[in-house]
Amino acid sequence: KNTFDIVDQRLGNKERMTVAVPGGTRDVDVPRLMRRNPSLTDAQVLKIARLGVTLEAQMGWPVDVECAYAHSALYLLQCRPITTLRDGSDSSHDQMPEARRQGLVIERSS
């Protein structure tokens, strides 16, 4: 967390993927040559890690984040406290401003 070193990488065999089509999305087979490729680059992983550390510092507690990339833009889809680390008596996460709960464009590369 402090060094942002990637210490482990596990590649799964991806068989299905969701693709955009006119009017929505569709699930299709992943082309055989892409099945063992990483879903994210190391640079993308590090951007998400840095975002998580920044959000933890701003919120004041560990966070569970959900992100997505669209082209070169990183989107924060959801950020919430990691509830499994709490004993249930802390309700400070309920005071998180609504703006922080909404998806935002975090970074756009040129």
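A residue is called buried when its relative accessible area is under 20%, exposed when that area is over 50%, and partly exposed in between. Keep these cut-offs in mind during the tour, and remember that the model on your screen is predicted.

Begin by selecting residues 42-59, which form helix 1, an element of 18 residues. From its first C-alpha to its last, helix 1 reaches 26 Å, close to the 26 Å expected at 1.5 Å a residue. Now colour Gln 44, Leu 51, Gly 52, Leu 55, Glu 56 and Met 59, the residues of helix 1 that are buried. They lie on the same side of helix 1, because they cover an arc of only 135° around the axis.

Stay in helix 1 and select Gln 44, which counts as buried because its relative accessibility is 18%, under the 20% cut-off. If you show its side chain, you will find that the side chain of Gln 44 reaches the backbone nitrogen of Thr 41 at 2.8 Å. Leaving out residues up to four places away in sequence, Gln 44 touches Ser 39 and Tyr 69.

Which residues make up the largest nonpolar core? Select Leu 51, Leu 55, Met 59, Trp 61, Val 63, Leu 74, Leu 76 and Cys 79, and you have the 8 residues of this core. Helix 1 and strand 4 (73-81) are the elements that give two or more residues to this core. In soluble globular proteins, nonpolar side chains tend to be buried together. To look at one member in detail, centre the view on Leu 55, which is in contact with Val 63, Val 65, Leu 76 and Cys 79 when its neighbours within four places in sequence are left aside.

The last two stops concern the backbone angle phi. Most residues other than glycine have a negative phi. Select His 71, in the loop between strand 3 (63-70) and strand 4, where phi is positive at about 60° although the residue is not a glycine. Is His 71 buried or exposed? With a relative accessible area of 81%, His 71 is exposed, since that value is over 50%.

Finally, go to Phe 4, in the segment before strand 1 (16-21), where phi is also positive, near 60°, in a residue other than glycine. Phe 4 counts as partly exposed, because its relative accessibility is 23%, which lies between the two cut-offs.

Notes. Residues are numbered from 1 along each chain as its sequence is written. This is a predicted model: local features need pLDDT of at least 70, side-chain atom pairs count only at pLDDT 80 or more; totals for chains, interfaces and linings use all residues. Side-chain values use heavy atoms; hydrogens and water are left out. Helices (H or I, at least four residues) and strands (E, at least two) are DSSP runs, numbered from the N terminus. The expected span of a helix is 1.5 Å times one less than its number of residues. Buried means under 20% relative accessible area, exposed over 50%, partly exposed in between (1.4 Å probe, protein chains only). The arc is that of the directions from the helix axis to the C-beta atoms. A nonpolar core is a set of buried Ala, Val, Leu, Ile, Met, Phe, Trp, Tyr and Cys residues joined through side-chain atoms within 4.5 Å. Contact means heavy atoms within 4.5 Å. A polar contact is a pair of N or O atoms within 3.5 Å; within protein, one must be able to donate a hydrogen and the other to accept it, and residues adjacent in sequence count only if both atoms are side-chain atoms.
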